[in-house]
Amino acid sequence: MPQKTFAIALMDPPYESENLTTAFRLLDVMARRGHNINVFAYEGAAGLAFAKQAPHPNPVHGKNVAEENHPTTKDQVTALLALATKNGGKVDWVNCGMCVDERGVGEFVADTRRGSPADFHSFCEASDNMLVIPTK
């Protein structure tokens with residue numbers, strides 16, 4: 001299968017919607033197939049790559065941090081970038097600068113960057129296909 005480039009816009013914040021589970025599953029398949037992926041994290045999704053996310057215990061169930069093993073979206077983003085690189089693809093993950101400023105999530109994991117809606121426009125022009133996963 002020839003390498004393709006996909007643009008995806010995400011809008012839901014971390015941990016709030018099943019939309020992101022679906023999005024990360026699609027991104028995983030694209031990365032495993034070695035495609036190039038351009039992600040524009042807009043609105044609440046600007047927090048997905050926030051570097052200061054931390055796993056937490058679950059005192060309601062009596063579990064410590066290790067036992068709870070709570071995933072963070074920053075780790076999912078980092079794993080996605082590594083998986084794409086391993087398979088010959090590339091991820092350009094852009095966090096909307098206006099959205100980042102509104103939410104105070106301006107520290108990102110490595111190899112993601114700050115941008116603007118103009119980046120999404122460029123992504124669409126350069127991509128073979130695009131997908132927008134909006135909020136409800």
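This is a predicted model: local features need pLDDT of at least 70, side-chain atom pairs count only at pLDDT 80 or more; totals for chains, interfaces and linings use all residues.
Q: Starting with β1, residues 5-10: how many of its residues are buried?
A: 6 of the 6, so the strand is largely enclosed by the rest of the structure.

Q: Which side chains point which way from β1?
A: Thr5, Ala7 and Ala9 point one way, and Phe6, Ile8 and Leu10 point the other way. Both sets are buried.

Q: OK, which strands does β1 pair with?
A: One is β2, residues 36-41, which pairs with β1 in the parallel sense over 6 bridges. Another is β5, residues 129-133, which runs parallel to β1 and is joined to it by 5 bridges.

Q: What stands opposite Leu10 in β2?
A: Ala41.

Q: And opposite Ala7 in β5?
A: Met130.

Q: What sort of unit do β1, α1 and β2 make?
A: A right-handed β-α-β unit, with α1 covering residues 18-32.

Q: Switching to the core. How many residues are in the largest nonpolar one?
A: There are 24. Those with the most contacts inside this core are Leu10, Leu27, Ile37, Leu48, Val77, Val91 and Trp93.

Q: Which elements give two or more residues to it?
A: β1, α1, β2, α3 (73-86) and β3 (90-96). Of these, α1 gives the most, with 6 residues.

Q: What does Val77 touch?
A: Leaving out residues up to four places away in sequence, Val77 touches Phe24, Leu48, Ala49, Trp93, Val109 and Thr112.

Q: New topic, the largest pocket. How much space lies in it?
A: About 180 Å³.

Q: Which residues line it?
A: Pro14, Tyr15, Ser17, Leu20, Thr21, Phe24, Pro71, Thr73 and Gln76 line the largest pocket.

Q: Which helices supply at least two residues of that lining?
A: α1 and α3 each do.

Q: Which element gives the most to the lining?
A: α1, with 3 residues.

Methods. Residues are numbered from 1 along each chain as its sequence is written. Side-chain values use heavy atoms; hydrogens and water are left out. Buried means under 20% relative accessible area, exposed over 50%, partly exposed in between (1.4 Å probe, protein chains only). Helices (H or I, at least four residues) and strands (E, at least two) are DSSP runs, numbered from the N terminus. Two strands pair if DSSP finds at least two bridges between them. A crossover is right-handed if, with the strands pointing away from the viewer, the path from the first strand over the helix to the second runs clockwise. A nonpolar core is a set of buried Ala, Val, Leu, Ile, Met, Phe, Trp, Tyr and Cys residues joined through side-chain atoms within 4.5 Å. Contact means heavy atoms within 4.5 Å. On a 1 Å grid over the protein atoms alone, a cavity is a set of points where a 1.4 Å probe fits but cannot get out, and a pocket is an open set with protein on both sides within 12 Å along at least five of seven lines; lining residues have an atom within 4 Å of a point. Grid points are joined across faces, edges and corners, and a volume is the space filled by probe spheres set on the points.
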